[in-house]
Amino acid sequence: MIVFFIGILTGILSGLGIGGGTILIPSLVFFIKTNQQIAQSVNLIAFIPSSVVALIVHFKNKNIEKNMIKRLIVPGIAATCIGSLLAIKINSDMLKKIFSIFLFCMGIFEYISAKNFKKNN
Amino acid sequence: MINGLLGSGGGVVLVTAMTFLFNLHDHKAHATAISIILPLTIISSLIYIKSGNASLEITIIVTLGSMIGAYIGSKILNRIPINIIRRVFGSMMIITAIGMMFY
């Protein structure tokens with residue numbers, strides 16, 4: 001049941017355009033006591049169905065820059081493979097520490113983007 | 001790389017990079033980011049699953065919950081002060097990060 005609520009909260013935040021995964025991953029680690037890798041895999045897989053739907057809508061609305069994809073997809077795939085293989089190799093505690101640094105930066109980013117948002121309005 | 005290693009955040013990094021470096025419009029940046037992140041996410045998901053680092057049960061429950069949540073989120077988007085929420089969650093993320101570092 002807690003897992004379900006964590007899911008709902010994550011979805012609400014994603015719907016608002018605030019990173020859902022940055023909330024989902026620590027919540028799973030703290031409340032469900034999963035290891036860091038499992039929490040990350042849940043976030044990755046849960047992203048797939050909703051983004052397929054979003055992508056279809058964006059594609060119909062012609063919001064996708066094909067040139068940008070061509071430039072970024074190959075290095076992106078290579079980097080993702082390296083990242084994922086690293087993630088499954090290192091131990092959960094170490095990965096947790098790396099993630100916490102990232103989370104810290106994202107927290108600051110949320111703050112800054114809140115300020116910019118105000119300026120634009 | 002970030003997406004694979006940390007299981008999240010690739011989208012934010014990508015959208016920010018595209019809007020700042022390539023002057024892409026916010027809307028287009030979001031749409032393009034998803035089209036790049038989606039194949040990357042599928043690849044890293046497969047790598048995680050193959051190595052046994054996945055839980056089918058938790059994933060299904062979270063996915064169901066987040067679909068309901070996403071619907072609620074998009075409905076209330078225009079009715080709530082998003083800046084305050086950004087600040088609240090920004091602070092929560094910073095505190096959680098410090099907690100995780102020394103936990």
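**Exercise 1.** Describe how helix α1 (residues 2-15) of chain A and helix α2 (residues 21-32) of chain A pack in this predicted model, giving angle and axis distance.

*Solution.* The two helices, which are DSSP runs of H or I with at least four residues, numbered from the N terminus, pack at an angle of about 165 degrees with their axes 10 Å apart. Here axes are lines fitted to C-alpha atoms over the stretch in contact, and angles run from 0 to 180 degrees between N-to-C directions. Since angles over 145 degrees count as roughly antiparallel, α1(A) and α2(A) are therefore roughly antiparallel to each other. Residues in contact have C-beta atoms, placed from the backbone, within 7 Å; among those making this contact are A:Ile6 and A:Leu13 of α1(A) and A:Leu24 and A:Phe31 of α2(A).

This is a predicted model, in which local features need pLDDT of at least 70 and side-chain atom pairs count only at pLDDT 80 or more, while totals for chains, interfaces and linings use all residues. Residues are numbered from 1 along each chain as its sequence is written, and chains are lettered from A and ligands numbered from 1 in the order in which they are written.

**Exercise 2.** Find how many residues of chain B are in contact with chain A, and which helix gives the most to that side of chain B.

*Solution.* Counting contacts, 64 residues of chain B meet 78 residues of chain A. On the side of chain B that touches chain A, α3(B) gives the most, with 17 residues.

**Exercise 3.** List contacts of B:Val62 in chain A.

*Solution.* Leaving aside its neighbours within four places in sequence, B:Val62 has contacts including A:Val3, A:Thr10 and A:Val42.

Key
Two residues are in contact if their C-beta atoms, placed from the backbone, lie within 7 Å. Angles under 35 degrees count as roughly parallel, over 145 as roughly antiparallel, 65 to 115 as roughly perpendicular and the rest as oblique.
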